[in-house]
Amino acid sequence: MNWDDNNNPRKLFMLVAGLLVGLAATAFLTSSDHASHERHKQPAGEVEDSARPARTYRELATNPWRQPQPFDGALANLPVNGGRLDDSTREAWIGERAKRRAYDGAPPVVPHAITERSSAACLTCHADGMAFPQGDRASTICHDVLRSCTQCHVPATSGITNADVAAADAYFGENVFEGRMGTVGERAAPGAPPMIPHTTWMRERCSACHGEAGPNPLRTPHTSRTHCRQCHGSSAQEEQHPGFG
Amino acid sequence: MTGTRRNFMKGAAVAAAASASRDALAVLPTKNLATPPEGLTWDKAPCRFCGTGCHVEVGVTEGEVVAVRGDQQAEVNKGLLCVKGYHVGLALYGKDRLRQPLLRKNGKLVPISWDEAIDVIADRVEKGTEGFAFYGSGQWTIPEGYAAQKFIKGGLANNQIDPNARLCMASAVTGFLAVYGVDEPAGCYDDLDACDVLILWGNNPAEMHPILFSRVLERREKGEKVRIIDIGTRRTRSTEFADDYLAMKPQGDMAIANGIAHLLLERGAYDTKFVADHCAFRADSDPPSLHGKAIDFEEYRKGLAEYTPQRVEELSGVPAAQIEMLADQFADPNLRITSLWCMGMNQHTQGTAVNSMVHGVHLLSGHFGKPGDAPTSLTGQPSACGTVREVGTLAHALPGGRVVKNEAHRKQSEDIWNVPPGRVNPKPGLHTVAMWESFSKEGGDIHTIWVQVTNPAQTLPNRGALVDPSRKRDDAFLIVSDVYPTATTEIADLVLPSAMWVEKNGMVGNSERRTQQWFKMVQPPGEARDDCWQTIAVARRLYDRGRPEMKDRDGNFLFRMEDEAGKEVPVWKFDRYYDINVDERLFEEYRKFTRLKHKDLAPYDQYVKARGMRWPVVQQEDGSWKETRFRFAEGHDPYVEKGKGIDFYHSTSKDGRAQLWFRPYVAPPEVPDAEYPLWLCTGRVLEHWHTGTMTMRMRPCRRAMPSAYVELHPEDAAALGVQDGENVVVETRRGTLELAAWVDGRGAPERGNIFIPFFDERLIVNNLTLEAYDPFSKQPDYKKCAARIRKA
């Protein structure tokens, strides 16, 4: 660094700033050990209503910084299984999901009206799971982009009038097909990453269902990890074997 | 507990009870909410539906289909399917599957035994063998069609067998024959992967051949530039992806093709070398015949002289500038151009002509014989090619591209079938429209029609003339083999429950000459039995009654089949039918027919191993079997000699050349007038296959498209005071139909045009259509007749 004689005031400022930063860093580093001790001592659920006054540096020595409330209390409150659903809730949700699919692996039907001729608008909401004010999210496309969406995804009910669907149902009767359901991934041992219980064909984009945009029941507890296949292996039963037949 | 929906619901109740007692600190529960279905096996099969011929894998457990997946190993579809394909497993499970043979007694269909049913049919044959006809199908498997073919052509020898494919592909066939001397496309789907320009001639592949269309769209997704030009009478889902939409008046396709050829000649922008080396010229003869008369280049040029862009605009409604644009495309030798067409050009009173004209545009401009340069006729049905066209289940044809009129062909057939010399009849039988006219006429020659795998009461044009009168005739007997109650079983005298798709062994051949095979995976319901077995069983009953028609040259049963030890297997008994592989036996016999026209088929076991193979399949020196992607092109087609470049080795002018036809524009027989001012067009939709007998019983398809409708242009609707969704009455000179109007819906017809899909058996549009047909192919025109509309 080339210090000019003319920059004496600036030089002084830089020195002081550097000192202060250094002090702050020291204070922070020494305080963090104390902070972790303090965290364990915090009673669960304690929340302070008013803003805390700032402490002087002298006070910090005996009353160090802590993690802001209410995070402390919330941590202790978290259920041990990481906030995942219990079996009955999960099953209910899988049942909902199954209603839109003839079998696990079938393209889901579209539960809303669509423009009949053009598929251009679909990805507006379904490319990234657009979130809606009421709290829903559109589902996110889980396969590589194919532009003719309605080739596979057809409306759940359609027709010029609603009576059309009921009349057709009555005329053509029931179908007794029973589609296979999706499964839950098996683990080799407690704590092992579950196997992928479905084919990855047309489900290449794991995060569509299991990431942040995914619906809560399917969302992984570790959405920040995005290289899924590093740990989660494919199912030999579900993947189509090359060289089959 | 297996992983099906029924068991899931049971399991859910159990799981709910169990979770309450779970320890919160335990590891995540490993109890599976739905275990993988026990013994879930996956086997390959072609999809049951369209002519694309996608491959699926069928998931079966406990004797039932529980899932379907796109076959990633299949070249046709590479793991992708459409909504029909994804739900094809459901096609087997409509609750009202036919399970028992039914005979009409006193107006009601009553259950009878198979034994009695076979007797009834044999009685009808013995009534008069000349009047017993088969009406078959492009959805017949190859062995099924071959068995019926042999029964009629090599057995009864009345040549009365014609297929529903007469109504869909016949003009494509005559077009190929008139131009190349042999049927079926020279190219294959690989052309779609290589073309720069894709021209749609009056078809809607986004809905009708969705996998093929997606194949092109995926190239664009990867950054390739493909220009899609949509020539049509209405905007469709395909138009949404097109770069150009050329709004055409019905029949305008003839003018457009001539317009392009005219400009290429005028500019000198045609491929002079290709024409000089590989083309000859033809025009209609007097009287007209399929192969017409030879003309020279000058006459060809003279014929096209009147088709200036302005004249073409008058005839077709397409602006002159767009005709020029089309000519620009074909004039560019650096572009690879694929033309796709289907029913728009085939269901056409000038179908043979317009097919030959579009082939002609490609040949004239040299856009032929290189990957991506292809005039590609697409097939609608899964085996119109494999069965109807190749096995020859048409009134005038014999297997392997042969015809009954040709003495050498008859002798070859008699030898392969081992029937007495002279057995095969040289006189063609009745084509479809004529067959049904005869059946519907008092005293008509045809007294019995056995319908297999198709639904003519819903698909024949002008049903009021071709079908209904037969029901009033004293002695016209209608036999229907089908899987569900249909419009045809509704009026039949004898209904036979049939096995479908993976309930039987099968083989089919798709649009790109690809023959595909599958094995039976599940049992058919009730007493349903294979169509092929039904034909053989009737043949055997006749043989047992001493009928000479069912004996071969040595006095043996026409369908005699032996096991490895040489002992005859009684395949006419259904419990013995799968003792051997009847499909394989019939196919290996049929294979022998395929060498003449170089449509060589490989041995059966090759198709077991492959996801289909495109013929000609030729054995290599190392014993392997090699398919052919591009016919007539050196380096691809093993029958083209080195140095020839292109060789049309079935040339009708016997000089290795294809025929460039001059044909004039000819107006349709019925055009709109003051009384009936609108053009009526009919067609299909994505969700429904043909008459909807299967897809209307598949809930996702039915609910997405529950009923038929009439598409109207908004201005036409406004003029009539009709709103979207309102009921209207559509009338032609032949019939009336009341149904809902859909304005600016999935398809948008041009002004003065309306469109009605034909899938809905409650709203049969073929009461309105016209049975006028192409003079060479005998194929009717479902795309054009005159109609009027009024509010209901």
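View 1. In β23(B), B:Met613 is the bridge partner of B:Thr515. This is a predicted model: local features need pLDDT of at least 70, side-chain atom pairs count only at pLDDT 80 or more, and totals for chains, interfaces and linings use all residues. Residues are numbered from 1 along each chain as its sequence is written, chains are lettered from A and ligands numbered from 1 in the order in which they are written, and side-chain values use heavy atoms, with hydrogens and water left out. Helices (H or I, at least four residues) and strands (E, at least two) are DSSP runs, numbered from the N terminus. Two strands pair if DSSP finds at least two bridges between them. β22(B) and strand β23 (residues 613–614) of chain B run antiparallel, joined by two bridges. Strand β21 (residues 506–509) of chain B is also antiparallel to β22(B), with four bridges. There, B:Val508 has B:Gln516 as its bridge partner. Four residues separate β21(B) from β22(B) in a hairpin, and B:Arg513 in the turn has a positive phi of about 65°.

**View 2. The two faces of β22(B).** Five of the five residues in strand β22 (residues 514–518) of chain B are buried. Buried means under 20% relative accessible area, exposed over 50%, partly exposed in between (1.4 Å probe, protein chains only). One side carries B:Arg514, B:Gln516 and B:Trp518; the other carries B:Thr515 and B:Gln517.

**View 3. A six-stranded barrel in chain B.** The closed order is β27-β32-β28-β30-β29-β33, with mixed pairing. From one strand to the next, the twist averages 45°. Axes for such angles are lines fitted to C-alpha atoms, for helices over the stretch in contact; angles run from 0 to 180 degrees between N-to-C directions. Within chain B, β29 (residues 727–731) and β33 (residues 785–791) pair in the antiparallel sense over four bridges. B:Glu731 stands opposite B:Arg788 of β33(B).

View 4. B:Asp552 sits in the loop between α21 (531–544) and α22 (582–591) of chain B. B:Asp552 is buried but has no salt bridge; B:Arg560, the nearest side chain of opposite charge, is 7.0 Å away. A salt bridge is a side-chain nitrogen of Lys or Arg within 4 Å of a carboxyl oxygen of Asp or Glu. Lys and Arg count as positive and Asp and Glu as negative; His and the chain ends are not counted. The B:Asp552 side chain reaches the backbone nitrogen of B:Asp554 at 2.8 Å. Beyond its neighbours within four places in sequence, B:Asp552 has contacts (heavy atoms within 4.5 Å) that include B:Trp417, B:Pro420 and B:Phe557.

**View 5. The salt bridge of B:Arg545 and B:Asp123.** The closest N and O atoms of this pair are 2.9 Å apart. B:Arg545 lies in the loop between α21 and α22 of chain B and B:Asp123 in helix α3 (residues 114–127) of chain B, so the pair ties together parts 422 residues apart in sequence. B:Arg545 is partly exposed, at 30% relative accessible area. B:Asp123 is also partly exposed, at 43%.

View 6. B:Lys273 and B:Asp277 meet at 2.6 Å, N to O. Both lie in α10 (residues 272–278), four residues apart, about one turn of the helix. B:Lys273 counts as exposed because its relative accessibility is 59%.

Note on methods:
Polar contact = N/O pair within 3.5 Å; in protein donor to acceptor, adjacent residues only side chain to side chain.
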